[in-house]
Amino acid sequence: MESDDEQLLRGRVYGQDHDSPGPRPGQRYAELVGGPLDGLLLDVTAWTSADWGRAESDTGVALPTELGRFGAGGRAMYRPRRGDPRRFDWAEDIL
């Protein structure tokens with residue numbers, strides 16, 4: 001069963017203001033799957049093909065979060081899922 005914190009995060013946009021946490025019309029989002037940011041949406045509207053290329057590389061996307069293994073100052077690594085770029089899978093937590 002999910003914790004209350006996990007239920008609160010689902011459907012929210014990563015980095016969005018708490019007063020307006022949901023998706024906005026006209027924006028493109030990828031769902032974060034697994035790890036500390038599971039269920040959050042990542043706004044990828046302004047990403048160019050070069051951004052996608054970097055995200056798909058070995059480095060992935062490092063998203064600052066206090067919810068991961070390393071707490072404050074830590075980052076969660078996510079990579080686009082092959083065949084489904086609307087989902088980014090968690091890879092690891094890093095400093």
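Is Asp 89 buried, partly exposed or exposed? Asp 89 is partly exposed, with a relative accessible area of 24%. Buried means under 20% relative accessible area, exposed means over 50%, and partly exposed lies in between (1.4 Å probe, protein chains only).

## The model

This is a predicted model, in which local features need pLDDT of at least 70, side-chain atom pairs count only at pLDDT 80 or more, and totals for chains, interfaces and linings use all residues. Residues are numbered from 1 along each chain as its sequence is written, and side-chain values use heavy atoms, with hydrogens and water left out.

## Overall build

The protein has two helices and five strands. From the N terminus on, the elements run α-β-β-α-β-β-β. Helices (H or I, at least four residues) and strands (E, at least two) are DSSP runs, numbered from the N terminus.

Of the 95 residues, 29% are buried.

Two strands pair if DSSP finds at least two bridges between them.

Strand 3 and strand 4 (residues 75-81) run antiparallel, joined by four bridges. Leu 63 stands opposite Ala 76 in strand 4. Ala 62 has Met 77 of strand 4 as its bridge partner. Side chains alternate along strand 3. Val 61 and Leu 63 point to one face and are buried.

## Salt bridges

A salt bridge is a side-chain nitrogen of Lys or Arg within 4 Å of a carboxyl oxygen of Asp or Glu. By this rule the count is four. One of them joins Glu 31 and Arg 87 (2.5 Å, N to O). Glu 31 lies in strand 1 (residues 29-33) and Arg 87 in strand 5 (residues 84-94), so the pair ties together parts that are 56 residues apart in sequence. Glu 31 is partly exposed, at 25% relative accessible area. Arg 87 is partly exposed too, at 30%.

Arg 87 also meets Asp 84 in a salt bridge (3.2 Å, N to O). Asp 84 is buried, with a relative accessible area of 16%. Salt bridges that share partners join Glu 31, Asp 84, Arg 86 and Arg 87 into one network.

And Asp 89? Its side chain meets that of Arg 81 in a salt bridge (2.7 Å, N to O). Arg 81 counts as partly exposed, at 31% relative accessibility.
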